[in-house]
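Hello,

Here is the structure I said I would pass on. Please open it first and keep it in view while you read the notes below.

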Amino acid sequence: MKASITTISKREIPIPPVSRSDVAFNAIALVLNSSLTLWGMTWLILHWTEVDLPWYVLIETIFLGLFLSDFFSGLLHWAFDTWFTENTPLLERMVLIVREHHVYPQHIFRYQFHDEAGSVSWPSLAHTIPAIGLVTLRPGPVSVVGYCTVILSVMVSVFTLFMLQFHKLGHRKSDSIIVRSLQRIHLLMSPQHHGQHHRGNHDIKYCLINGWADFVMDSIGFWRGMEWIIHWLTKAVPRSNDKIWLKRDRKRSS
């Protein structure tokens, strides 16, 4: 019989089971963000003929959406890796799963889509509410800028919803020829690319969709710059909690 997540976690990192409050909290985010995203898709279809959108602008918007989706996944990944602790209200279980992942990377396959979708829906509301909500409810003619803004928000929201499923592609070679082909042309993240994050201090290659944003953010020192600013403002030390778990649990698992 396959052991449950809770049983296994008690022998390793003590991850609490999903509580009713967790389910309710994440369900609210999933419903709200999914509703906004579906409304955004519907609005795009209804107003397609009203916008004189050149084909090259549409293609550029799609590629920008892929980049922004990758960047947003990296921003969330960096934030959880770097700042939060298991004592952060409402985030205890998610932080522990992230800490577990650096010690036991393959444990990511224990968690299913329904366990993850709600938790990543909350951050998406930060852009779907202003981008989709405000643009689509604004009276007057639809502008090209407004239309493209909704496309971008819908794309980022959808890719974020499946962000942790894309993450799993970076930990196991896929049996799908299509997936492997997309990884070879860098439309999906590959195990070779993501493997760089799991070396050393786990402080590079945070992005989880296709890795495009990694090349930009790592090359300009974006993450270290953000860490310096936050440390200067708050005196918080980046990755201090992650280092504690790595030091303790690597010894325990060795």
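**Aromatic pairs**

In this predicted model, the count of aromatic pairs comes to 15. One of them is formed by phenylalanine 113 and phenylalanine 162, and this pair is stacked, with 5.0 Å from centre to centre and 15° between the planes. The two residues are 49 apart, and the pair links distant parts of the chain. Phenylalanine 113 belongs to helix H5 (residues 113-137), while phenylalanine 162 sits in the loop between helix H6 (144-161) and helix H7 (163-169).

Another ring to look at is that of phenylalanine 109: arginine 172 lies over its face, 3.7 Å from the ring centre.

**Helix H4 and its contacts**

Helix H4 (92-103) has twelve residues. From its first C-alpha to its last, H4 reaches 17 Å, close to the 16 Å expected at 1.5 Å a residue. Ten of the twelve residues of H4 are buried, so the helix is largely enclosed by the rest of the structure. Among the buried residues are Arg93, Arg99, Glu100, His101 and His102.

- Glutamate 100: its side chain makes a polar contact of 2.8 Å with the side chain of tyrosine 111. Tyrosine 111 is in the loop between H4 and H5. Its relative accessibility is 3%, so tyrosine 111 counts as buried. Tyrosine 111 and serine 157 are 46 residues apart in sequence and 20 Å apart in space, C-alpha to C-alpha.
- Histidine 101: its side chain is joined to that of histidine 198 by a polar contact of 3.1 Å. Histidine 198 lies in the loop between helix H9 (191-194) and helix H10 (212-219). With a relative accessible area of 18%, under the 20% limit, histidine 198 is buried. Not counting residues up to four places away in sequence, histidine 198 touches His101, His102, Pro105 and His171.

**Helix H2**

Helix H2 (residues 20-46) has 27 residues and reaches 38 Å from its first C-alpha to its last, close to the 39 Å expected at 1.5 Å a residue. Its buried residues include Ala29, Asn33, Trp43 and Leu44. What covers the buried residues of H2 includes H5 and H6.

Which residues have a positive phi although they are not glycines? Histidine 186 is one of them, with a phi of about 65°, and histidine 202 is another, with about 55°. Histidine 186 lies in the loop between helix H8 (177-184) and H9, and histidine 202 is found in the loop between H9 and H10. At 44% relative accessibility, histidine 186 counts as partly exposed, whereas histidine 202, at 1%, counts as buried.

**Confidence**

The mean pLDDT of the protein chain is 89, and 93% of its residues reach 70 or more. Residues 1-11 should be read with this in mind: pLDDT stays under 50 there, and the model has ten contacts for them beyond four places in sequence.

Regards

Conventions: Residues are numbered from 1 along each chain as its sequence is written. This is a predicted model: local features need pLDDT of at least 70, side-chain atom pairs count only at pLDDT 80 or more; totals for chains, interfaces and linings use all residues. Side-chain values use heavy atoms; hydrogens and water are left out. Rings of Phe, Tyr and Trp (its six-membered ring) pair if their centres lie within 6.5 Å; planes under 30 degrees apart count as stacked, over 60 as edge-to-face and the rest as tilted. Helices (H or I, at least four residues) and strands (E, at least two) are DSSP runs, numbered from the N terminus. A charge sits over a ring if NZ of Lys or CZ of Arg is within 6 Å of the ring centre and within 35 degrees of the ring normal. pLDDT is the predictor's confidence in each residue, from 0 to 100. Contact means heavy atoms within 4.5 Å. Buried means under 20% relative accessible area, exposed over 50%, partly exposed in between (1.4 Å probe, protein chains only). A polar contact is a pair of N or O atoms within 3.5 Å; within protein, one must be able to donate a hydrogen and the other to accept it, and residues adjacent in sequence count only if both atoms are side-chain atoms. The expected span of a helix is 1.5 Å times one less than its number of residues.
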